[in-house]
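Have the sequence and the 3D view at hand as you read.

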Amino acid sequence: MESSPRRETLGRNAQTKQLQTAVSNVEKHFGELCQIFAAYVRKTARLRDKADLLVNEINAYAATETPHLKLGLMNFADEFAKLQDYRQAEVERLEAKVVEPLKTYGTIVKMKRAETELQRAAMDASRTSRHLEETINNFERQKMKDIKTIFSEFITIEMLFHGKALEVYTAAYQNIQNIDEDEDLEVFRNSLYAPDYSSRLDIVRANSKSPLQRSLSAKCVSGTGQVSTCRLRKDQQAEDDEDEELDVTEEENFLK
């Protein structure tokens, strides 16, 4: 039979290995979760920014339209802008309640490793064994509690946002449905027979361009469109590159 000290040493080594495995597992997967959740929050923030641009463009277009269509589009834009305020709150809450708690596990992992080494070096065999067992249990209990808290916060934040989004989209849908096509069509028909001199003069000028002028105008419009598309593609590439850089930075920060 093995001596008691040897059994205690084997048991202590097994406990140490179990704790190290648990800590390494958390370090790996919590680091990945932190990185992906952070990317999720950044994408949500970018979606908010694109929505703000959409609101501006809808308002700009609405200003050129007939009365009922103008009113419907502007009311839609107001509702959509309101939704972006809720999205901003979503971004801030996700950062504070999900991403930041996951980041702290980089520090927790280092502390647990240091604690284990100190216990092995400073205590006798029997006390070390008891403390290692206590450390393992405490680590597992806290980990499970934190996982429940973090994911519950994520679900609650998303539910709050989407609940508000349903309210806003319902109102926005109604604003679009309330547009009176017949009334606006009548306004448009009347505008075709504008009695004032300036309106008629504008029509004459528009129709009196030479073929060369019309060709140059078409090219200018086409060229502008190409530049816009190019810029959009460059912006998207820049965003993707920024994501990659931020992901690498977050992973390095977690492991420091």
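**From the surface to the core**

Let's start on the outside with Tyr193, which has a relative accessible area of 67% and is therefore exposed. Keep in mind that you are looking at a predicted model. You can find Tyr193 in the loop between helix H5 (181-191) and helix H6 (197-207). Tyr193 also belongs to a nonpolar patch on the surface, together with Leu185, Phe188 and Leu192. Taken together, these four residues have about 460 Å² of accessible area.

Now let's go inside. In soluble globular proteins, nonpolar side chains tend to be buried together. Here, the largest nonpolar core has 23 residues, and Val98 and Leu102 are the ones with the most contacts inside it. Which elements give two or more residues to this core? They are helix H1 (4-62), helix H2 (67-103), helix H3 (105-122) and helix H4 (125-177). H1 provides the largest share, with ten residues.

Leaving aside residues up to four places away in sequence, Val98 touches Phe37, Arg93, Ile150 and Phe154. There is also a second, separate core of 13 residues, and among its members are Ile58, Ala77, Phe161 and Val168.

Next, let's look at the aromatic rings. The model has six aromatic pairs. In one of them, the ring centres of Phe37 and Phe151 lie 5.9 Å apart and the planes meet at 70 degrees; planes over 60 degrees apart count as edge-to-face, so this pair is edge-to-face. This pair links distant parts of the chain, since Phe37 sits in helix H1 and Phe151 in helix H4, 114 residues apart. Are these two partners buried or exposed? Phe37 has 13% relative accessibility, so Phe37 counts as buried. Phe151, with a relative accessible area of 35%, is partly exposed. Ring pairs also join Phe37 and Phe151 with Tyr40 and Phe154 in a cluster.

Another aromatic pair is made by Phe76 and Phe80. With 5.8 Å from centre to centre and 10 degrees between the planes, the two rings are stacked. Why are Phe76 and Phe80 separated by about one helical turn? The reason is that they are four residues apart in helix H2. Both Phe76 and Phe80 are buried.

Notes: Residues are numbered from 1 along each chain as its sequence is written. This is a predicted model: local features need pLDDT of at least 70, side-chain atom pairs count only at pLDDT 80 or more; totals for chains, interfaces and linings use all residues. Side-chain values use heavy atoms; hydrogens and water are left out. A nonpolar core is a set of buried Ala, Val, Leu, Ile, Met, Phe, Trp, Tyr and Cys residues joined through side-chain atoms within 4.5 Å. Buried means under 20% relative accessible area, exposed over 50%, partly exposed in between (1.4 Å probe, protein chains only). Contact means heavy atoms within 4.5 Å. Patches are made of residues with over 30% relative accessible area and no salt bridge: like charges are joined within 9 Å, nonpolar side chains (Val, Leu, Ile, Met, Phe, Trp, Tyr) within 5 Å. Accessible areas come from the Shrake-Rupley method with a 1.4 Å probe; for residues, only the protein chains shown count as cover. A salt bridge is a side-chain nitrogen of Lys or Arg within 4 Å of a carboxyl oxygen of Asp or Glu. Rings of Phe, Tyr and Trp (its six-membered ring) pair if their centres lie within 6.5 Å; planes under 30 degrees apart count as stacked, over 60 as edge-to-face and the rest as tilted.
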